[in-house]
Amino acid sequence: MGINVSRQTDLASNPLLQQFVGRSHIAPDDEFWSKLLNYNITMPENTQDQLNLDSRLESLCQSFISHNLKTGNFGSLITVFLTKTSELLSLSDQESNMHIWQTFNALFIIRSLVKYITETGSEFQLLQHFEAMPNEEFLKAEEEAAAGTQPESTTIAVEATENDDPSATLKAAAAAAAVMVDGSKFETFIDAIFNLIVVIPVKEFTYHLHLEAVNTLITLLSVHLFTQQPTDKSIIFRTVYKCQHANVLMSALLHFVARLIEVPQTMFGSSTAGSFVFGIAESLLSIFTFRKQQDVLSATHSTGSELPQQFRSHYPLANQSLLLILILTNHCTTKENSYRSSLFGCADSKDVANKDGATFHIDFGAVYETLCRIVTIDQATLLLYLLLHRNERFYRFVMAQQDLEKLVTPILQTLYHAPDSTSHHIYMSLIVLLILSEDDSFNKNVHNIMLKNITWYTERTISEISLGGLLILVVIRTIQYNMLKMRDKYLHTNCLAALANMSGQFRNLHPYVAQRLISLFETLAKKHTRLDAQLKEPVNSAVFVNVSTTPEDMLQDLTVLEEVLRMVLEILNSCLSNQLVYCPNLVYTLLYKRSVFEGFRSHHAFQDIIQNIDMVVGFFSSRLQRVQEQRGELGVNEVFEVISKGASQWSSDRLRKFPDLKFKYVEEDAPEEFFIPYVWTLVCKYGCVHFSSESIKGVTTEISC
């Protein structure tokens with residue numbers, strides 16, 4: 001401590017820290033705080049760093065728990081922090097550098113203690129420490145002890161030994177000094193954190209202060225991980241969610257994400273002269289004074305496992321702000337949530353005609369560009385989902401973009417590498433595609449965007465393909481992967497719904513895409529035939545070699561399979577009914593593979609729709625036969641010539657009419673049951689704050705820090 005760099009190995013024996021957590025009260029105006037807060041410390045960058053720091057702080061934290069409810073030193077530190085935060089708002093850059101440093105240090109100590117109490121105690125005990133102040137009896141005893149006289153009554157603090165159970169220490173300390181909790185000081189502290197994030201502009205030497213403020217909010221809200229009480233009973237959640245400035249906070253956080261500012265090489269670098277505080281409007285819209293490095297993140301050059309680590313290490317403020325947005329918007333969804341409303345109601349700052357009723361304004365172009373770069377990261381996909389699903393302005397903005405491949409291709413890459421992603425990430429990526437496919441202009445435009453040399457698609461070398469064709473290939477592959485590995489009915493449904501929405505606009509399908517569409521039906525048909533045969537065998541037959549698969553299970557699988565087969569046929573029919581003239585490769589493949597439909601012509605679940613496919617196949621077969629009789633054996637080019645000429649004479653009126661395939665994503669009831677565990681899993685896995693996984697009990701056993 002002091003002006004020297006603090007080594008973690010020295011923390012437990014540091015005299016200033018020992019005094020802070022000791023028996024004596026330290027007033028907020030004491031010179032002690034200036035000494036304590038003049039230090040540099042290496043921030044923990046990973047789980048191991050955090051574990052090392054936690055172990056070094058263990059004895060200090062236990063001593064703090066034992067004494068603070070009597071000394072009130074934590075309250076004094078909070079007061080010092082509040083004072084310094086207030087002073088920052090009236091200082092120039094040059095004057096504020098030392099203040100920034102000390103404010104950051106105070107906040108880091110506060111967050112470290114909050115994290116310890118949260119992981120080892122209760123929310124009420126945490127708030128007790130916020131509000132604790134030394135009583136007159138304690139101060140009098142201190143004065144008498146300092147004067148060398150015997151106090152009239154002896155106050156014994158609860159000591160923590162090396163082997164003490166932290167939770168027992170907490171309880172004993174609480175019992176020794178009951179502290180009334182009205183939450184007033186905590187509310188003031190939250191307001192100060194919001195001011196740091198919103199009012200003070202991000203510059204090179206303020207970057208880590210903003211990051212620490214965001215991390216502190218995440219740490220406070222992590223109380224959800226360590227308790228089983230509902231959030232509506234939590235004083236911390238109630239305080240954060242009753243904030244009157246949700247719009248400006250959400251605006252600031254989304255700006256941090258969109259601007260994607262790289263972390264400075266030094267924590268508190270030099271600053272330029274001039275006014276430090278510009279006011280909220282300028283601070284949120286000002287140009288940052290330090291350089292962006294656009295080449296740090298690249299979805300095309302990074303693997304799925306590398307990109308999240310790069311994002312966290314190079315852009316920690318954007319990473320943590322994104323996670324905090326997800327926490328704030330996904331909790332408390334059944335009641336009034338001003339953060340959620342704020343995110344869903346924001347508007348494009350460049351769209352002059354569409355600003356009425358907006359909660360805040362932000363450059364949608366910057367948000368879109370950033371999401372394109374990081375959409376292969378779990379938390380970015382989730383933010384994209386929220387914006388597309390709930391913010392109509394942002395949805396319309398995305399639909400109007402001419403470079404949709406920048407957004408869609410990385411999502412397809414995530415799906416293609418499904419084994420490297422979580423089932424939640426795959427599911428959300430598919431939901432995003434489904435939401436995009438609800439728009440007819442999207443379904444049309446994706447077939448006009450041509451892609452070259454998609455190196456990550458390794459099943460077949462394709463020199464050029466439309467974005468729509470690539471989308472069909474990847475979704476078909478996802479269906480087949482799901483059949484083999486995951487067997488998730490909802491995943492099937494979402495895949496097929498996206499293809500169904502697009503099917504009426506299928507155009508210029510690559511020969512390989514047409515083959516894969518028919519092969520999907522062929523693969524499913526073979527599986528259907530096998531299952532049907534097995535079910536018709538006697539129960540004691542050798543067919544039932546797998547005793548874990550009952551006839552009831554197989555019947556259920558058969559029912560799901562028939563639903564999928566029916567959907568694939570409807571997709572083919574929709575394309576033939578609406579776009580036959582533009583899909584010669586699909587007609588060619590149908591003619592070549594007509595035999596795969598034979599076993600289903602008389603099946604009650606399929607015969608009506610197969611009649612349409614048979615009519616198309618019959619029409620072109622007869623034309624090919626006539627030409628063949630005239631010219632002899634036809635080559636591939638000649639076959640396509642016949643198909644092309646026949647398509648110009650084809651009338652879709654011949655086909656039986658079926659309802660248009662239109663599917664719309666609808667969020668299921670009780671979304672919190674899915675999203676809250678998912679969000680906190682992302683916070684633990686990808687966040688810069690590392691929590692004790694052994695203490696987590698309030699969310700899900702799947703979470704691991």
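## Exercises on cavities and salt bridges

The largest cavity holds about 200 Å³ of space. The structure is a predicted model, in which local features need pLDDT of at least 70 and side-chain atom pairs count only at pLDDT 80 or more, while totals for chains, interfaces and linings use all residues. Residues are numbered from 1 along each chain as its sequence is written, and side-chain values use heavy atoms, with hydrogens and water left out.

**Exercise 1.** Describe the lining of the largest cavity.

*Step 1.* Begin with the term: on a 1 Å grid over the protein atoms alone, a cavity is a set of points where a 1.4 Å probe fits but cannot get out, and lining residues have an atom within 4 Å of a point. Grid points are joined across faces, edges and corners, and a volume is the space filled by probe spheres set on the points. The count comes to five cavities of 30 Å³ or more.

*Step 2.* The lining of the largest cavity consists of 15 residues, and Leu17, Leu57, Leu60, Ile109 and Ser112 lie nearest its centre. Two or more lining residues come from each of α1 (15–20), α3 (47–71) and α5 (93–120), where helices are DSSP runs (H or I, at least four residues) numbered from the N terminus.

*Step 3.* Sorted by type, the lining has 14 nonpolar residues, one polar and no charged; Ala, Val, Leu, Ile, Met, Phe, Trp, Tyr, Cys and Pro count as nonpolar, Asp, Glu, Lys and Arg as charged, and the others, Gly among them, as polar.

**Exercise 2.** Locate the partners of the salt bridge between Arg566 and Asp608, and state whether they are buried or exposed.

*Step 1.* A salt bridge is a side-chain nitrogen of Lys or Arg within 4 Å of a carboxyl oxygen of Asp or Glu. For Arg566 and Asp608 the N to O distance is 2.6 Å.

*Step 2.* Arg566 lies in helix α26 (residues 551–579) and Asp608 in helix α28 (residues 607–631), so the pair ties together parts that are 42 residues apart in sequence.

*Step 3.* Arg566 and Asp608 are both buried, where buried means under 20% relative accessible area, exposed over 50%, and partly exposed in between (1.4 Å probe, protein chains only).

**Exercise 3.** Work out how Arg396 and Glu392 are placed in their helix.

*Step 1.* The closest N and O atoms of this salt bridge are 2.9 Å apart.

*Step 2.* Arg396 and Glu392 are four residues apart in helix α19 (residues 392–399), so about one helical turn separates them.

*Step 3.* Arg396 is partly exposed, at 41% relative accessible area, whereas Glu392 is exposed, at 55%.

How values were computed: On a 1 Å grid over the protein atoms alone, a cavity is a set of points where a 1.4 Å probe fits but cannot get out, and a pocket is an open set with protein on both sides within 12 Å along at least five of seven lines; lining residues have an atom within 4 Å of a point.
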